[in-house]
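Me: I want to go through the labels attached to this structure and hear what each one rests on. Please put it up first.

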Amino acid sequence: MKDERQYKTPFFTKLKAYGTSDVSPFDVPGHKLGRVKNDLMDFTGQTMFALDSNAPIGLDTLGKPHGVIKEAEKLMASACGADKSYFLTNGTSVGILAMIMSTCRANDKIILPRNVHKSVINALILSGAMPIFVKPDIDIELGIANGVFFETYEEAIRNHPDAKALFVINPTYFGIASDLARITELAHDNDMLVLVDEAHGAQFYFSEKLPVTAMAVGADISATSMHKTGGSLTQSSVLLTKGRRIDHVRLRSALNMLQSTSPSSLLIASLDVARKTMYFEGERRINKLLALADKSRKLLKQIPGIKIIDQEYVEDRPGFDFDLTKVVIKVSDLGLSGFEVYQKLRKRYNIQMELAESHIVLAVLSIGTTKDDLERLILAFKDLSDKYYKVRKRLPRIKFIYQFPETFARPRDAFHAPKIHVPLEETYDEICAESIMIYPPGIPFVIPGEIITKEVINDIKFYLKKGSIIHSELDNGNIKIIDKEHWIKWEGEYDEF
Ligand SMILES: Cc1ncc(COP(=O)(O)O)c(C=O)c1O
């Protein structure tokens, strides 16, 4: 039985009424609900601007909700099986910062997979928490990092019984979900909080056919990108919480420290309406999508040189589950790298994929994906296969990066240490003072406080050569390392490092 209250869109309804009222706005924003014409307005129409207001009477405040935002957040929590929800206007990135800052104090240990998003590394810097990295399952053939096995978390918990929290990705960028139910139970039995990154899992909340959600298994908190797969506008996400372990006063203060005092009303409204659509139509439309995806996978699999991940992939990986809304396509047997295929798909067929790795490209599907889109994808792969599979000369040099460099200092200490800027070649055996990663998917080669190895240097060079964008903080190719000569390492440093 559907809950009739979910038909309500409290924030959007009020915003619409305000934007279309005959108000004289003497507040910000300065476009005054669309009275200052510009090129964007010529294209989109005035309505978008009429809905872009700040905090007029009746529209509540995101930092301390008491009216329509509070009501909308309650509906979101209920739709997702959570006890409480917080709307976010700076993506899941800000949710991750707030969840770690509010649960881990300086020097608290947090157990987390190495293939975390960069916002997690930033959260380590802000909170001062001490990372205890665990190794995800690695697929050398596909060149991707997957979920973390239950036993790996179990061992980390055994070795670090004093850890404050455990961090789980549900699912990874490539759709692999760890055994969240068992991991959560184990963590709770050991008095640890369970923090979940559901940037790629918003759709799970609206279908029984997808992996379990953080809230369903009783995890304490999840950051969920409604914008990625739930249909809301880019940058709109939610924090969901369950149970009594979360300190909501601390969470609120972390959020208010990190979020703008002028949150976008368009983003908030988009969360409100996306929740309604997903609640009432999600299940039916996801079922339809899964049938389409299944058919497409079967057709793609028949194309020479193309391999596809599906449910079978997780069958010999105990406890793992697979998000069937992700289409992971292995292309390297065509004699092309994922990076090349990613570029060709856009240039020749006007197909924009989510990301590329050495061996694969990834398509993210949602209830907005059409049959036509999938047909175009299949045709494009047939064409690529015709062109490249038979004539393939030599497989591109396939490489897989997976670094677990040695930690010398906490990320926070490295961030605050004096630094020097040196060319990549000169960083061998130095202590890194920044996170270096490729984007997407934003997984770090090395993070602040870790020692730079030969492999790290070679991997960075490899990706640069392949045309990837390396996110380091300097524009001139130099890398920030710790100036060891002038660094007085903080006395209270933890023992291990
Ligand atoms: C695994 C993972 N976590 C978190 C994020 C951050 O999410 P958002 O883009 O909503 O800030 C991303 C973004 O790509 C991600 O891939």
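Me: Where is Gln235 found?
Reply: Gln235 is in the loop between α9 (226-229) and β10 (237-241). Helices (H or I, at least four residues) and strands (E, at least two) are DSSP runs, numbered from the N terminus. The model is predicted: local features need pLDDT of at least 70, side-chain atom pairs count only at pLDDT 80 or more, and totals for chains, interfaces and linings use all residues. Residues are numbered from 1 along each chain as its sequence is written, and side-chain values use heavy atoms, with hydrogens and water left out.

Me: Why is Gln235 called partly exposed?
Reply: Its relative accessible area is 37%. Buried means under 20% relative accessible area, exposed means over 50%, and partly exposed is in between (1.4 Å probe, protein chains only). Gln235, at 37%, is therefore partly exposed.

Me: What is the phi of Gln235?
Reply: Phi is near 95°, a positive value in a residue other than glycine. Most residues other than glycine have a negative phi, and most peptide bonds are trans. Asp429 also has a positive phi, near 70°. Asp429 lies in the loop between β16 (419-423) and β17 (436-438), and its relative accessible area of 46% makes it partly exposed.

Me: Which peptide bond involving Pro29 is cis?
Reply: The bond from Val28 to Pro29, with omega near 10°. Pro29 sits in the loop between α1 (10-19) and α2 (39-44). Another cis bond joins Asn170 and Pro171, where omega is about -5°. Pro171 is placed in the loop between β6 (165-169) and β7 (176-177).

Me: What makes Val94 count as buried?
Reply: Val94 has 1% relative accessibility, so it falls under the 20% limit. Val94 is part of helix α5 (residues 91-103). Not counting residues up to four places away in sequence, it touches Leu88, Leu258 and Gln259, where contact means heavy atoms within 4.5 Å.

Me: What makes α11 roughly parallel to α14?
Reply: The axes of α11 and helix α14 (residues 371-388) come within 10 Å and cross at roughly 10°. Axes are lines fitted to C-alpha atoms, for helices over the stretch in contact, and angles run from 0 to 180 degrees between N-to-C directions. Angles under 35 degrees count as roughly parallel, over 145 as roughly antiparallel, 65 to 115 as roughly perpendicular and the rest as oblique. The crossing of α11 and α14 is therefore roughly parallel.

Me: Which residues of α11 and α14 meet?
Reply: Leu292, Ser296, Leu299 and Leu300 in α11 meet Lys371, Leu374, Ile378 and Phe381 in α14. By class, this contact has six nonpolar, one polar and one charged residues.

Me: What makes a set of residues a nonpolar core?
Reply: The members are buried Ala, Val, Leu, Ile, Met, Phe, Trp, Tyr and Cys residues joined through side-chain atoms within 4.5 Å. The largest such core here has 55 residues, and Phe11, Phe87, Ile111, Tyr153, Leu166, Phe206 and Met226 touch the most other members. Helix α11 (residues 265-301) gives the most to this core, with nine residues. At least three residues come from each of domain 1 (4-278) and domain 2 (283-388); domain bounds come from an automatic or database domain assignment. A second, separate core of 43 residues includes Ile306, Ile351, Ala380 and Val446.

Me: How many residues of domain 1 are in contact with domain 3?
Reply: 16 residues of domain 1 are in contact with 17 residues of domain 3.

Terms used
Nonpolar A, V, L, I, M, F, W, Y, C, P; charged D, E, K, R; others polar.
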